[in-house]
Amino acid sequence: MLDQILQHKRQELDTLELPPYENVERRSLYEALKNSHFPVGLIAEIKKASPSKGVIQENFRPVETATFYERAGASAISVLTDQRFFQGHRQYISDVKKHVRLPILRKDFIIEEEQVEESARIGADAILLIGEALEASKLHELYNSAREKGMEALVEVHSEEVLANILKHFEPVIVGVNNRDLTTFETSLDQTERMASYIPDNSLLVSESGIFTREDILRVKRAGAEAVLIGEALMRHENPMEQIDIMMRSEAHERANG
Ligand SMILES: O=C(O)c1ccccc1NCC(=O)[C@H](O)[C@H](O)COP(=O)(O)O
């Protein structure tokens with residue numbers, strides 16, 4: 001599936017038209033995750049559909065959902081912009097950016113410089129760079145380009161081997177371990193536990209995918225994650241604010257409030 005997505009992205013690049021620059025204030029994903037008032041930082045994701053689950057939310061209202069996420073205390077918002085496989089759109093970034101003050105991560109399959117430029121123009125604060133989709137040297141190049149344009153990057157890896165190759169080039173400030181294998185869609189939180197010891201001490205570890213309960217969050221936190229990225233568990237819930245409260249509330253808060 002990843003190969004299919006990447007092939008489609010290369011075709012899309014042939015007709016990519018860069019939009020005009022949105023005049024936006026950039027916000028730091030790293031700072032937002034470090035300063036979370038929850039036990040871990042929360043990147044709350046906006047995704048209508050996915051290749052593994054099909055349509056997740058029929059009545060899709062990205063701006064309203066982002067506003068709920070912000071009110072519930074999320075640290076940042078991840079917005080899927082791929083149209084073909086996730087029914088996303090780059091316009092959702094511009095729309096959400098106008099209504100929330102949280103950093104926005106552009107979730108797409110970024111493989112070329114033009115997409116980094118596009119992300120800066122539509123107002124993204126950070127982009128996703130997937131280790132399994134890029135040569136390590138290319139990933140480093142795109143990472144530097146994002147930084148030069150005032151954005152940050154979440155560098156995502158699934159396997160130890162891919163991470164080791166990236167670390168030969170540089171140490172990303174934010175590293176995401178994707179619990180989902182993008183070729184088989186198999187998802188296991190064991191992946192965060194397995195990978196945590198290979199993440200550089202100075203990198204912030206985000207555990208991504210397959211997180212559905214408070215116990216899941218406590219488990220990846222124990223493994224060393226400082227933040228989580230959650231999509232489906234929030235998008236499927238009719239009240240995402242309540243779901244965030246249930247999943248993220250700390251034990252201390254619960255004790256204090258009986
Ligand atoms: O979600 C998928 O099916 C998928 C398939 C192929 C490539 C990427 C995919 N997902 C992107 C993501 O990284 C997730 O949306 C994100 O980590 C949140 O996952 P979840 O909480 O399990 O919705």
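Which residue forms a salt bridge with E117, and how far apart are the closest N and O atoms? The partner is K149, and the closest N and O atoms of this pair are 3.9 Å apart. The legends below describe this pair and several other sites in the model, which is predicted.

**View 1. K149 forms salt bridges with E117 and with E113.**
In the salt bridge between E113 and K149, the closest N and O atoms are 2.8 Å apart. This pair likewise connects distant parts of the chain: E113 belongs to helix 5, K149 to the loop between helix 6 (136-148) and strand 7 (152-157), and 36 residues separate them. The three residues can also be described by their accessibility. K149 has a relative accessible area of 22% and is therefore partly exposed. E113, with a relative accessible area of 30%, is partly exposed. E117 counts as buried because its relative accessibility is 15%, and the limit for a buried residue is under 20%.

**View 2. D108 and K9 form a salt bridge, and both residues are buried.**
The closest N and O atoms of D108 and K9 are 2.9 Å apart. The pair joins distant parts of the chain, 99 residues apart. D108 is in the loop between strand 5 (104-107) and helix 5 (113-122), whereas K9 is in helix 1 (residues 2-14). Both D108 and K9 are members of one network, in which salt bridges that share partners also join E12, D82, R90, R106 and E118. In total, the structure holds 22 salt bridges.

**View 3. D216 is a buried residue that has no salt bridge.**
D216 is located in helix 9 (residues 214-223). The nearest side chain of opposite charge belongs to R219, which is 5.5 Å away. A salt bridge requires a distance within 4 Å. When neighbours within four places in sequence are left aside, D216 is in contact with L189, G210 and I211.

**View 4. Q87 has a positive phi although it is not a glycine.**
The phi angle of Q87 is about 55 degrees. Q87 occurs in the loop between strand 4 (76-80) and helix 4 (91-99). With a relative accessible area of 35%, Q87 is partly exposed.

**View 5. S209 also has a positive phi, and it is not a glycine.**
For S209 the angle is about 80 degrees. S209 is placed in the loop between strand 9 (204-208) and helix 9. The relative accessible area of S209 is 14%, so this residue is buried.

**View 6. S188 lies in the loop between strand 8 (174-178) and helix 8 (190-195).**
S188 is partly exposed, and its relative accessible area is 24%. Along the chain, S188 and V157 are 31 residues apart. Their C-alpha atoms are separated by 14 Å.

The C-alpha atoms fill a box of roughly 60 × 40 × 35 Å along the principal axes. Does the radius of gyration agree or disagree with that of a compact globule? A compact globule with 258 residues would have a radius of gyration near 18 Å, and the chain has 17 Å, so the two agree. Buried residues account for 54% of the 258 residues. Of the contacts between residues at least 6 apart in sequence, 68% join residues at least 24 apart. The chain exposes about 11700 Å², of which carbon and sulfur atoms supply 43%. Charged side chains comprise 31 positive and 44 negative ones, and the centres of these two sets lie 3 Å apart.

How values were computed
Residues numbered from 1 in each chain as written. Predicted model: local features only at pLDDT ≥ 70, side-chain atom pairs only at ≥ 80, totals over all residues. Heavy atoms only, no water. Helix = DSSP H or I, 4+ residues; strand = E, 2+ residues; numbered from the N terminus. Buried < 20%, exposed > 50% of the residue type's maximum accessible area, 1.4 Å probe, protein only. Lys, Arg positive; Asp, Glu negative; His and termini not counted. Contact = heavy atoms within 4.5 Å. Rg over C-alpha atoms; globule rule 2.2 N^0.38 Å. Areas by Shrake-Rupley, 256 points an atom, 1.4 Å probe, with all protein chains shown as cover. Charge placed at Lys NZ, Arg CZ, Asp CG, Glu CD.
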